[in-house]
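Subject: Structure handover

Hi,

Here is the structure for you to look through. My notes follow below it.

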Amino acid sequence: MALSGGKDSSVALSLAHRNLAPRPGVRLVAISVDEGISGYRTRTLRAAGTLTHALGVEHVIVRARTELGTTTDGLARATPGTPPCSYCGVWRRQLLNRAARNAGADALILGFNLDDLAQTVLMNLVRGDLDRLARMAPHRGVTKALVPRLAPLDQVPEREVFLYALRAKLPFDHAECPHAGRALRNRFREIVWELESAHPGTRQSLLRARDRILEGRSAAGTAAGPSACLVCGEPSSGGVCRSCEFLRAARTASILAGPA
Ligand code: SF4
């Protein structure tokens, strides 16, 4: 389970603990990533620790500082022109996958809700990036290096997840990342919300559109699986993975040792 300490992943963990943990042969491990965001991640990690302790779930914290040698804050200071979410999200996904693989996980459960996924579909469609659309959770296939990601809250609107978290008295944290104001997603959140208000069902329609596009690609045999990054060997859409590209930027900015 990916666990940030926010409402979505806390609800996903709480429901998985209730519905999956009692089954024989199931082992739940919560994985949190500390990207190194001052004044923010410490709070959410504290909430994550409170929840896992209350549920009795094993909790692994993976730190970007230790695993990558740099942090989101560090690269944000060194490269003020680049939106931090671009590398922060890439690093988090890679660290989550690696930690899930190390834990021997069959699946990585994410807390994405209906609103999150509808925004991501629209962002990828606007970019014309069908490969990235195909890489979205939930994953349909299994590859050795990439632990399949599942999104069991994908049909649940964000507001309902929030209400559930409140009603279940989950110890989640409302803190907003200090870099969030620069995220491209903000604009798409507004657009999806405007469309949903004017045309209820837009969010579900976007997810259905994604499914139909992927079915078409699968039938046409144009769906390509990940290859291994030429530098780190982690799953990549081709050549050098984006995580390594951003680490190269960190070396160029002299905040990480090694050749740029
Ligand atoms: S808002 Fe952006 S920078 Fe902040 S944690 Fe999320 S992806 Fe990282």
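Is R242 buried or partly exposed? R242 is partly exposed, because its relative accessible area is 32%, and buried would mean under 20%. Keep in mind that this is a predicted model.

Where R242 sits: this arginine belongs to helix α11, which covers residues 242–252. R242 also contributes to a positive surface patch.

Now the overall fold. The protein has eleven helices and six strands. Its radius of gyration is 18 Å, close to the 18 Å given by the globule rule for 260 residues, so the protein is as compact as a globular protein of that length. The C-alpha trace spans about 50 × 45 × 40 Å along the principal axes. As for burial, 45% of the 260 residues count as buried.

One more spot to look at is G39. You will find G39 in the loop between β1 (29–34) and α2 (41–55). G39 is exposed, because its relative accessible area is 55% and the cut-off for exposed is over 50%. There is also a pairing across the sequence here. G39 and P178 are 139 residues apart along the chain. In space, their C-alpha atoms are 8.4 Å apart.

To find these places in the viewer, start with R242 in helix α11. Finish with G39 in its loop.

Best wishes

How values were computed
Residues numbered from 1 in each chain as written. Predicted model: local features only at pLDDT ≥ 70, side-chain atom pairs only at ≥ 80, totals over all residues. Heavy atoms only, no water. Patch = residues over 30% accessible without salt bridge, like charges linked within 9 Å, V, L, I, M, F, W, Y side chains within 5 Å. Areas by Shrake-Rupley, 256 points an atom, 1.4 Å probe, with all protein chains shown as cover. Salt bridge = Lys/Arg side-chain N within 4 Å of Asp/Glu carboxyl O. Lys, Arg positive; Asp, Glu negative; His and termini not counted. Charge placed at Lys NZ, Arg CZ, Asp CG, Glu CD. Helix = DSSP H or I, 4+ residues; strand = E, 2+ residues; numbered from the N terminus. Buried < 20%, exposed > 50% of the residue type's maximum accessible area, 1.4 Å probe, protein only. Rg over C-alpha atoms; globule rule 2.2 N^0.38 Å.
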